[in-house]
Amino acid sequence: MTFSTLRRDWLGNVRGDLLAGIVVALALIPEALAFSIIAGVDPQVGLYAAFSIAVVCAIAGGRPGMISAATGAVALVIASLVRDHGVQYVFATAVLAGLLQIGAGLLRLGALMRFVSRSVITGFVNALAILIFLAQLPELTGVHWTVYAMTAGGLAIIYLFPRLSRAIPSPLVCIVVLTAIAMWLELPIRTVGDMGAFPEHLPAFALPAVPLDWQTLSIIFPYAVTVAAVGLLESLMTASIIDDFTDTPSDKSRECKGQGLANIAAGLLGGMPGCAMIGQSVINVKSGGRGRLSTFTAGVVLLVLVVFLGPWVRQIPMAALVAVMIMVSISTFSWTSLRNLATHPKSSSAVMLATVAVVVATHNLALGVLVGVLLSAVFFASKVHMVLRVESALAEGGALRRYAVHGQVFFASSEAMVAAFDFHEAVPAVCIDLAHAHFWDITAVDALDRVVHKFRRHGVAVEVTGLNRASRTMIERYGTHDKPGRAAAAPH
């Protein structure tokens, strides 16, 4: 990394990053407390995780301006581990999950994001927006009328204040103003302090207090694999979304390694594992955060707030944070995707809607994305005839059938190629012209072998012509139809 890149990431937007980081820190506190409750751990476990993961990802992550901390998706994964074995096993799981994520980064598995279609990403974004909004409803159900008034007032500040000035992020103004009003009028509304106790000391380094044996590994390994997979999936999806928001690229492999280092740090500092957070990342971007300094500021300010300024932070009304999160929900949702339902291909719309439906129904982001990717693959396979075309014509007075294969032959199109040949036609010879085709994998080579051997079993002479150099090399190495000694091993 060059000095100019370091300077841009850390000092290219100092004022905007500092202010955005403060806003994110305030929004992270109730989230970390809520996720601690979901996981069944003490509040300080979620707060320490939010601090350590944010700070390490700011330094080591591959997506400047993205916020990572304790998350609900990971909290759901480890809840049963906490219940059955205790919090120390959570710390050990965080360390092991981090090592697995570093391994994924070294193997450059972040590049697999290219196989996630735009429809899946849009569905992921829309589902998260819906979940963020639904998560605010408990704070707006069966409450005093002043909560609704404060929330409406907070939304008014968020959307109207930028017309007066953009010097200070409007979400920060919303939080400060509503906190001052609630304290001045002593309003009977729920505050951040009602969600749980704050830690009274800084986190300390300690190895997880678990036996270092195979039994411990057998307990934590399944959880670590799930945490690593869910964390990387959510982080890489969020990185792609922030790439679009900011029109800047990110290093997905470095992000994998950064998330791994962050989870190791969290486990060694008494925190639960986590990953990137789409809601807080959107808050950061919308508040002007662009560089690593914003993520670093969010983590450090959060720790300072909860440890040293706890009595003041406890007074923040939840209505103010609800207003901020509703803004995030509205900003995150892709409203153009609704209009595109009428114009985009039905298969793309189906993938997007299926991703949304599964995520919202199960609250499982990984499952929703998996369903979307699989559905995309199914639709792709159904369109494989567009990738491959086989033409045929009789020649030499009916004594020769010439087949011309056009397109890409690989695992998804090989069966379509085999099905295009007529093995029962009574012709003495067949010529397969591959001048306009390319063979990509062993499955494609196997398909050609099956075609040739099947014709020969029917007594038809076969000639294969027109292979390009790459296809010929693969067929010579793995094929059987041109090797008499291996013909007996060909599939029947």
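I began with the two domain centres, which lie 53 Å apart when taken over C-alpha atoms. I noted the bounds as 3-379 for domain 1 and 388-478 for domain 2; such bounds come from an automatic or database domain assignment.

A reminder to myself on the ground rules: this is a predicted model, where local features need pLDDT of at least 70 and side-chain atom pairs count only at pLDDT 80 or more, while totals for chains, interfaces and linings use all residues. Residues are numbered from 1 along each chain as its sequence is written, and side-chain values use heavy atoms, with hydrogens and water left out.

**Entry: H4 against H9**

I looked up helix H4 (residues 72-85) and found its axis 9 Å from that of H9, at an angle of about 165°. Helices (H or I, at least four residues) and strands (E, at least two) are DSSP runs, numbered from the N terminus. Axes are lines fitted to C-alpha atoms, for helices over the stretch in contact, and angles run from 0 to 180 degrees between N-to-C directions. H4 and H9 are therefore roughly antiparallel; my cut-offs are under 35 degrees for roughly parallel, over 145 for roughly antiparallel, 65 to 115 for roughly perpendicular, and oblique for the rest.

I then listed who touches whom, with contact meaning heavy atoms within 4.5 Å. H4 brings Ala73, Val74, Val77, Ile78, Ser80, Leu81 and His85, and H9 answers with Ile219, Tyr223, Thr226, Val227, Val230 and Glu234. By class I logged nine nonpolar, three polar and one charged residues for the contact of H4 with H9. Here Ala, Val, Leu, Ile, Met, Phe, Trp, Tyr, Cys and Pro count as nonpolar, Asp, Glu, Lys and Arg as charged, and the others, Gly among them, as polar.

**Entry: H9 against H17**

Next I followed H9 (residues 214-246) to H17 (residues 365-382), where the axes are 9 Å apart and the angle is about 70°. This pair is therefore roughly perpendicular. On the H9 side I found Val230, Leu233, Glu234 and Met237, which meet Leu365, Ala366 and Val369 of H17. The contact of H9 with H17 has six nonpolar residues, one charged and no polar ones.

**Entry: H11 against H14**

I also checked H11 (residues 278-286) and H14 (residues 318-332), which pack at about 90° with axes 9 Å apart. That makes H11 roughly perpendicular to H14. The H11 residues in contact are Ile278, Gly279, Gln280, Val282, Ile283 and Lys286, and those of H14 are Val324, Met325, Val328, Ser331 and Thr332. I counted this contact by class as six nonpolar, four polar and one charged residues.

**Entry: the sheet**

I turned to an open sheet of four strands, ordered E3-E4-E5-E6 with mixed pairing. Its edge strands are E3 and E6 (461-465), each pairing on one side only. Neighbouring strands here are turned by 20° against each other on average, direction ignored.

E3 (residues 388-395) and E4 (residues 400-409) pair in the antiparallel sense over eight bridges; two strands pair if DSSP finds at least two bridges between them. These two strands form a hairpin with four residues between them, and Glu396 in the turn has a positive phi of about 55°. E4 and E5 (residues 429-439) run parallel, joined by nine bridges.

Last, I saw H19 (residues 442-457) lying across E4, E5 and E6, at about 175° to E5.
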